[in-house]
Amino acid sequence: VILSCVKNNTRVISLSLGSSTYSSVLHDAVKTAVAAGIPVIAAAGNESSSVIYPAAHPEAIAVTAVDSTMKFASFSNFGPEVDYVAPGVSVYSTTLGSSYATYSGTSMATPHVSGVMALSLSSNSLGLVAVDIQLPITQQGNGFIDSLLTVQNQ
């Protein structure tokens with residue numbers, strides 16, 4: 001899938017999948033995407049453990065989750081690989097069949113960062129901007145992703 005995105009000139013890759021097992025094939029695909037200028041944003045995982053792959057690859061942007069009060073999600077993985085934190089608890093989302101449901105997980109937080117990355121690229125921003133929410137760096141990385149500050153980052 002990642003190489004198909006590279007072939008089709010995708011601007012941002014958002015991944016909500018993973019494993020605790022390293023794969024050189026997956027790592028090579030992530031490196032290929034990033035070398036092509038395509039950021040790879042990946043969910044950190046939901047086991048209250050170490051960041052999973054592909055988020056654990058240094059080339060990927062790893063995302064953890066917080067609730068609406070900025071409290072770190074109890075399920076969210078964490079570690080030195082974390083780049084950003086975003087809303088990931090009780091997120092109202094679409095489902096198959098044109099309906100809606102509430103979900104929690106780093107797979108809900110990751111699209112927030114992916115969307116802000118897309119805004120950054122389309123607005124010629126100088127890059128993603130995050131706000132320090134006073135969590136350990138292993139939980140928040142650079143901080144809570146901020147879409148407005150990102151697009152204003154000229």
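**Entry 1: the proline loop**

I started with proline 54, which lies in the loop between E2 and strand E3 (61–66). This is a predicted model, so I read every value here as computed. I looked up the peptide bond from tyrosine 53 to proline 54 and found that it is cis, with omega near 10 degrees.

**Entry 2**

Staying with tyrosine 53, I turned to aromatic rings. How many aromatic pairs does the structure hold? I noted two. In one of them, the rings of tyrosine 22 and tyrosine 53 have centres 5.5 Å apart and planes at 80 degrees, so I wrote the pair down as edge-to-face. Where do the two partners sit? Tyrosine 22 is in the loop between E1 and H2, and tyrosine 53 is in the loop between E2 and E3, so the pair ties together parts that are 31 residues apart in sequence. I checked the surface too: tyrosine 22 is partly exposed at 43% relative accessible area, and tyrosine 53 is also partly exposed, at 22%.

The other pair is formed by tyrosine 92 and tyrosine 100, and I found it stacked, with 5.4 Å from centre to centre and 15 degrees between the planes. Both of these tyrosines are exposed.

**Entry 2: two serines with positive phi**

Next I went through the backbone angles. Serine 90 has a phi near 55 degrees, a positive value in a residue other than glycine. I placed serine 90 in the loop between strand E4 (82–87) and strand E5 (91–95). Is serine 90 buried or exposed? It is exposed, with a relative accessible area of 52%.

Serine 98 gave me a phi near 60 degrees, again positive in a residue that is not glycine. I found serine 98 in the loop between E5 and strand E6 (99–103). Its relative accessible area is 72%, so I marked serine 98 as exposed.

**Entry 3: helix H3**

I then followed helix H3, residues 106–122. Its 17 residues reach 24 Å from the first C-alpha to the last, close to the 24 Å expected at 1.5 Å a residue. Which residues of H3 are buried? My list reads Thr106, Met108, Ala109, Thr110, Val113, Ser114, Val116, Met117 and Ser120. Just after H3, I noticed that asparagine 124 takes a positive phi of about 55 degrees.

I looked for salt bridges and the count came to one. Lysine 31 forms it with aspartate 28, and the closest N and O atoms are 3.6 Å apart. I reminded myself that side chains of opposite charge can pair when their charged atoms come close. Lysine 31 and aspartate 28 are three residues apart in helix H2, so about one helical turn separates them. I also read off their accessibility: lysine 31 is partly exposed at 36%, and aspartate 28 is partly exposed at 41%.

**Entry 4: the cores**

Last, I looked inside. The largest nonpolar core has 18 residues, and those with the most contacts inside it are Ile2, Ile13, Leu15, Ala33, Val40 and Val51. Which elements give two or more residues to this core? I noted helix H1 (2–7), strand E1 (13–15), helix H2 (24–35) and strand E2 (40–43). Apart from this core lies another, of 15 residues, with Ile61, Val63, Ala86 and Ile145 among them.

Leaving aside its neighbours within four places in sequence, valine 51 is in contact with Ala44, Ala56, Ala62, Asn77, Phe78, Gly79, Glu81 and Val82.

Note on methods: Residues are numbered from 1 along each chain as its sequence is written. This is a predicted model: local features need pLDDT of at least 70, side-chain atom pairs count only at pLDDT 80 or more; totals for chains, interfaces and linings use all residues. Side-chain values use heavy atoms; hydrogens and water are left out. A nonpolar core is a set of buried Ala, Val, Leu, Ile, Met, Phe, Trp, Tyr and Cys residues joined through side-chain atoms within 4.5 Å. Buried means under 20% relative accessible area, exposed over 50%, partly exposed in between (1.4 Å probe, protein chains only). Helices (H or I, at least four residues) and strands (E, at least two) are DSSP runs, numbered from the N terminus. Contact means heavy atoms within 4.5 Å. A salt bridge is a side-chain nitrogen of Lys or Arg within 4 Å of a carboxyl oxygen of Asp or Glu. The expected span of a helix is 1.5 Å times one less than its number of residues. Rings of Phe, Tyr and Trp (its six-membered ring) pair if their centres lie within 6.5 Å; planes under 30 degrees apart count as stacked, over 60 as edge-to-face and the rest as tilted.
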